[in-house]
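Please work through the exercises below with the sequence and the structure at hand, and try each task before reading its solution.

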Amino acid sequence: MKKLLAFALTIGLGVLIIFALDANTSFDDFGYADLSERVSSRYITKDSTADIIFGVTQDPESGAANIVTSIVVDYRSFDTLGEVTVLFISALGVSLLLGSAVTQKRLSLDFKPNFMLRVASRALFGIIIMTGVYIILHGHLTPGGGFPGGTMIASAMLLLYLADDQFRAKIKSFKILEGVAGSLYVVIGLVGLVLGTYFLQNFLPNGTVGDLLSSGIIPIVYILIGLKVGSEISGVIDNFLTEEVEQ
Amino acid sequence: MMSAILLIAIPLLAAFLSILSKKIAPALLLLVGAANIVLLMFIPSEIVVIGGFDLPYGINLLMDSYARIALYLVNGLFFVVAILNVVEYKKLSSILLVALAALNGLLLTGDLFNLFVFLEVAGIAAYLITTTNKKPLSTFNYLVIGTVGSSLYLFGLMILYGMFGTLNMMDLINEIQTTGTAYGSLILPFFLMFIGLGIEAKLLPFNAWVKGILKHSNTLSGPMVASVYAATISLMFGRLVHNLFAFEGKLLTVVVVLLIAGVILGEAMAFSSKKAREILLFSSISQACITVLLFINGIIVWAVYLVIANALSKLVLYLVVNKATESTNSDDVDELKGLFANNILVGIAFTVAALSVMGLPLFVGFVVKLNYLTQLAVAGQLVVVALILVSSVVEGIYFVKLLIKLWYAGEKEVNVQFNLPYKAVFAVITLMIVLFGLYTAPLDSLDNSIDSVQDQIEVIYHG
Amino acid sequence: MIQYAAILLMMIGLYGLLTNRNVIKIIVSLNVLEIGLNIFIISIGFIYDGIAPILTSTNNSSGLIFVDPLPQALVLTAIVIGVGTTALGLAIVKSIYSKYKTLEIDEMEEA
């Protein structure tokens, strides 16, 4: 009975929303959005009258060739700071809830991985880490950036955890890395406030669009974010896969 | 150099640094809490642009008198709650620092997606603070309901983006006004955003989480959720309701009916309850609904005073009840009979706070209630006035019942120790309540212009 | 078409939240709701014949027709926030399990 009611409610709600959006004349039809009416046109043209050409334009307003990166780390960098804080506080919460005992050992499971898995995973570990680092470093030129790259690094740690049931990473050093990377992000913002006039202002030169060393503080911020995300998620993995030592 | 962004950046920096060493974390919490209050006196009222990109392409913070009053209140209350609890709940210091940054961010931000991000940060900090209740199922409920609320808010916001192409609050309001959009097409996104924020603001019928959390609260989670968070969310919600939503027509009717139902049901359930914490939490729910009703009718300044008065009174009420419950392991009112017979000062503070919430003369609650009821009557909302008066009578009855039971000793001797910091806080807040009840000139000097969003829009877009 | 699918996903997630009594299934429904929402947000930015908003050596001028980059940046943030809340939710589930020894809400006696 309750399921029927919930079903009716959700179907009714869905139909209502679809009708409301169809009847809404200001809501752009799917695929026919007009970018000149939205703030995104400024993000694409970067407030210059000439077109931005890959490999040629020097020192535009925001130097990343990947426009989404320039939004995430330059125009709306404050949102990214908030997002980094969300991950920080979630990882902190997980360690508060699950990691409170002083001594921990790995969770004992019924499945024991075999020798070949343990050895082969070490080879894969290097490849995954390299991919993650590549994606972090090229965040301003190709899709990706700090968040997927950091998650890849953490997934390499997960591989080691799953392949070897006695493996534990050095969590203390991860925590230090996480704290330092986070504080450096805020410090970069404060340096922008002191040197320039605005918090999180891009105070390094922007260079040529398309070079690896371009777009000011964007690669630096992405490296910090990648390290932070990687160490946080590795910490979360460790917290889930360990338990208290039975006294 | 002194800019409102420091109120958010410094607690964040302290939070990131505090995990490096567990010992300095509590000291850092108190230091930053105090520094924020001091910093607030030097920050000018302006629009702070972040990143060097003008609005609406970048994110901006809006600091005006409304934000200033709200920031003083929230930072001050937070500092008080933190000082009283830092010894017992050392492990949560980093989380409290992040919560402080998020609360400041909620009150200052002028960008709606930034509001969503800070809402999530503050929400996650609140879930973690409530884990100290040791009731994981209630925290889980709170997490699920809070996340659904934020998702609905984001859904509504994205529909608005699809319609107008901007995420900045002032730019959006300007676009809505200048393009003259029919209100009918705005009903869906506004209603979704209202529900999303209303869940956190404890409005009926979205407050299923409140009972689980505040019913088992302790001296940290109770005052934090019921006083600090409630004040922040009400004030932030008020700014949005007044400037952005500007309810009219059918949506206005629906919203007002929901809120009135919240007021009446809240008071009714408080009346029928026998547990001290339950009585307080239902009273909180109905006061939150009254606050939003005032914001809808444009009575900004008295709504702000109501929030301030409630936040201070609820702080005292929750601290007393939670400390007593902690010591006696029960919050059944019959078990706590005679609590104040041995603690006269605490009893006086509790009585003053309760009478102020009820709205008796001599206390600031009376002044606020008188003024907002008058203004509601002037605006023609006689039904609302009548209903609030009826619910005040009910409120009076159950508070007086509670007070009588707590003052006169029963058969058992109830022995609860309130140490000196608690008594100091109670004394200060009692004095403030009585003082502003008798001497109302500062309250009359401010008027509805403290919320300057419409003026800023005039200056930026039509000046 | 895809906007209908996104709204359908959101409603499936909502239905799951309202009817499930197992805490892990509630977290999965919450994730389905968030995925539906993210797909809807991305679909707001789509433009027919638009290309990905990245300047490369082949698409090298900013005068070409790009899809809207802003919803993509917002979804990046929303996905990470969803991950954060899911991780916290699962940690709370672990403490629920160690307290009540069951994952069904109906079997947990409210202590």
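**Exercise 1: where chain B meets chain C**

Task: In this predicted model, work out how many residues of chain B are in contact with chain C, and which elements of chain B give two or more residues to that side.

Solution: Begin with the contacts themselves, where 19 residues of chain B are in contact with 23 residues of chain C. Next, look for the elements of chain B that give two or more residues to the side touching chain C, which are helix 5 (112–130) and helix 6 (136–164). The largest share of this side, 14 residues, comes from helix 6 of chain B. Finally, sort the residues of the side of chain B that touches chain C by kind, and they divide into 14 nonpolar, four polar and one charged.

**Exercise 2: the build of chain A**

Task: Describe the order of the elements in chain A, and explain why chain A is said to be more spread out than a compact globule.

Solution: Then turn to the radius of gyration of chain A, which is 23 Å and well over the 18 Å that the globule rule gives for 247 residues, so chain A is more spread out than a compact globule. Taken along the principal axes, the box that the C-alpha atoms of chain A fill is roughly 70 × 60 × 35 Å.

**Exercise 3: burial and contacts in chain A**

Task: Find what percentage of the 247 residues in chain A is buried, and what percentage of the contacts between residues at least 6 apart in sequence joins residues at least 24 apart.

Solution: For the burial, buried residues make up 45% of the 247 residues in chain A. For the contacts, take those in chain A between residues at least 6 apart in sequence, and 73% of them join residues at least 24 apart.

How values were computed:
Residues are numbered from 1 along each chain as its sequence is written. Chains are lettered from A and ligands numbered from 1 in the order in which they are written. This is a predicted model: local features need pLDDT of at least 70, side-chain atom pairs count only at pLDDT 80 or more; totals for chains, interfaces and linings use all residues. Two residues are in contact if their C-beta atoms, placed from the backbone, lie within 7 Å. Helices (H or I, at least four residues) and strands (E, at least two) are DSSP runs, numbered from the N terminus. Ala, Val, Leu, Ile, Met, Phe, Trp, Tyr, Cys and Pro count as nonpolar, Asp, Glu, Lys and Arg as charged, and the others, Gly among them, as polar. The radius of gyration is taken over C-alpha atoms; the globule rule is 2.2 Å times the number of residues to the power 0.38. A residue is buried if 20 or more other C-beta atoms lie within 10 Å of its own, exposed if 12 or fewer, and partly exposed in between; C-beta atoms are placed from the backbone.
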